Amino acid sequence: MRELPAAARGYIGGTALAAALCTARALTLGPGAPWGTALALAALYALCERIPCCPLVGRRLPERTRSVGGTGWTSPLVLAGVFLLPPPLAALAAVPGALLAPVRSRAATARRIWHAAEQALACGAAAAAFQALDHPALSAPRFPLLLLPALAAAAVYCAVLAALDGGILIAAERHPVRTAWRGPLAQARYLVHGLAGLMMAVLWRSSYGPPAALLVLLPMCLSCWVFDRCHRERAAHQATIRALVQAVDIKDRYTRGHGERVGRASVMIARELGMAEDRTEALRFAGILHDVGKLGVPTRLLRKDGPLTSEERRVIELHPEYGHEIVRGIGFLGEARAAILHHHERLDGRGYPYGLRGHQIPEFARVVAVADAFDAMTSTRSYRRARPVPVAVAELRKCAGTQFDPRMVRALAAALHRYGWDPDLVTAADDGPGATRSGNVTPSRTEGRAGDPRGTAVPAPEGRGDRPAGAVPEPVPGAAGPAGWGGGPR
């Protein structure tokens with residue numbers, strides 16, 4: 001846990017202490033408590049968490065699919081415990097599975113403790129809510145009467161998970177307070193899982209017994225299969241993006257890695273603006289692919305050492321339109337297509353290809369323009385060294401209102417203050433191959449000079465190119481993201 005911030009260690013420790021106090025009350029229940037049911041549910045949950053693949057999918061699930069907040073196909077087991085057990089036992093039954101579930105290797109011990117603690121607290125609180133509603137005995141004839149208290153208990157379960165997850169995102173990953181709970185609110189899907197857990201609890205107490213209750217997991221496996229299909233589709237999207245980026249990198253070796261870094265800087269701006277996750281993902285694609293139109297520009301112009309003629313300038317300035325044509329048929333890009341077409345527009349109307357002004361320029365294009373210019377200004381060139389981040393931000397602020405949208409400039413400055421900018425790390429998009437160090441490629445002597453459309457339109461007279469040396473750690477999107485801090489059964 002030493003690699004975590006002190007605030008995160010304190011937060012996890014406090015949550016674990018509260019969970020320990022909650023589960024310790026089970027010792028006061030005596031032999032008359034349903035210990036056998038608690039042991040059976042805990043063992044089943046732990047066993048399901050150790051299964052390497054979903055039974056319906058039939059193959060090992062990707063790590064992101066298996067991470068907490070992923071498919072949730074085992075959640076009825078946890079929620080059945082909420083309905084069948086007193087609060088201390090319900091909390092205790094959730095602990096073994098949470099401790100045994102796979103987690104990311106970084107701070108693995110802290111993550112296991114955190115998942116077990118929040119599961120215990122959420123289950124204990126939900127069971128207490130269910131018990132407080134003075135519910136009738138779990139039996140099939142009284143089943144409809146249980147729907148309201150069951151939904152209330154599931155709502156408490158979701159609320160506790162969401163509250164704890166938002167706190168850990170602030171403490172461990174420095175999420176902005178106003179957006180920290182946006183991702184964890186996705187835990188509301190467990191309201192639906194609560195009905196499956198109630199059905200399992202009713203069957204568990206019926207004459208058919210626990211074996212019949214396990215049949216409820218079949219529809220959850222179906223949801224797991226659907227989620228796996230979605231993951232494969234997203235992987236296909238990533239492969240499409242990666243292929244286009246690699247094609248640009250091969251053609252214009254001086255801009256290698258630039259798109260991925262612009263994508264990450266664009267995500268920083270989007271998160272600071274509070275954009276929804278689906279728009280943030282589309283904006284990341286826009287940043288990555290903003291220069292894909294260079295595939296339509298003759299290679300000799302991109303690599304030309306001398307100054308460009310006016311005719312050559314006109315040819316290169318067509319690359320936003322070429323890029324838009326290339327991605328026109330890729331439906332999942334959405335708003336990203338407009339950013340690819342308009343990222344060289346300026347607020348004062350002096351940009352290209354259409355000379356749009358102000359808010360005529362799409363929001364995505366205004367974000368990418370700022371990220372693109374910043375990434376270029378913090379680059380090392382053969383004819384000059386990279387500018388420090390404060391100098392680059394000051395340059396952007398100087399041109400805010402004429403070339404750049406002031407709102408986007410302020411958002412980038414705030415995100416840089418919060419997360420920083422690593423001048424050495426260069427990471428390919430979303431863990432894909434092709435990560436490149438800036439020192440691996442010798443930059444052109446002319447690319448990116450003043451008025452040269454081969455580079456990025458940046459605010460200083462000497463111009464900036466497209467071969468940056470910087471990258472930034474992408475902020476974690478929320479509980480369901482790859483960081484794995486979120487709660488809920490897998």
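In helix α4, V78, L79, V82 and F83 meet A150, A153 and Y157 of helix α8, where contact means heavy atoms within 4.5 Å. By class, this contact has 7 nonpolar, no polar and no charged residues. Ala, Val, Leu, Ile, Met, Phe, Trp, Tyr, Cys and Pro count as nonpolar; Asp, Glu, Lys and Arg count as charged; the others, Gly among them, count as polar.

This is a predicted model, in which local features need pLDDT of at least 70, side-chain atom pairs count only at pLDDT 80 or more, and totals for chains, interfaces and linings use all residues. Residues are numbered from 1 along each chain as its sequence is written, and side-chain values use heavy atoms, with hydrogens and water left out.

Two packed helices are described by the angle between their axes and the distance between the axes. Axes are lines fitted to C-alpha atoms, for helices over the stretch in contact, and angles run from 0 to 180 degrees between N-to-C directions. Helices are DSSP runs (H or I, at least four residues), numbered from the N terminus.

| Helix pair | Axes come within | Crossing angle |
|---|---|---|
| α4 (residues 75-84) and α8 (residues 147-173) | 11 Å | roughly 120° |
| α2 (residues 35-50) and α4 | 9 Å | roughly 170° |

α4 and α8 are therefore oblique to each other. α2 and α4 are therefore roughly antiparallel. Angles under 35 degrees count as roughly parallel, over 145 as roughly antiparallel, 65 to 115 as roughly perpendicular and the rest as oblique.

Which residues of α2 meet α4? They are T37, L41, L44, Y45 and C48, and they meet L77, V78, A80, G81 and L84 in α4. This contact has 8 nonpolar, 2 polar and no charged residues.

Is α4 mostly covered or mostly open? It is mostly covered: 10 of its 10 residues are buried. Buried means under 20% relative accessible area, exposed over 50%, and partly exposed in between (1.4 Å probe, protein chains only). Among the buried residues are S75, P76 and G81.

**Two side chains**

H319 lies in helix α16 (residues 319-327). H319 is buried, at 1% relative accessible area. Its side chain makes polar contacts with the side chains of D291 (3.4 Å) and H344 (3.4 Å). A polar contact is a pair of N or O atoms within 3.5 Å; within protein, one must be able to donate a hydrogen and the other to accept it, and residues adjacent in sequence count only if both atoms are side-chain atoms.

R387 lies in the loop between α18 (363-377) and α19 (389-398). R387 counts as partly exposed, at 22% relative accessibility. Its side chain makes a polar contact of 3.0 Å with the side chain of E395.

How values were computed:
Helices (H or I, at least four residues) and strands (E, at least two) are DSSP runs, numbered from the N terminus.
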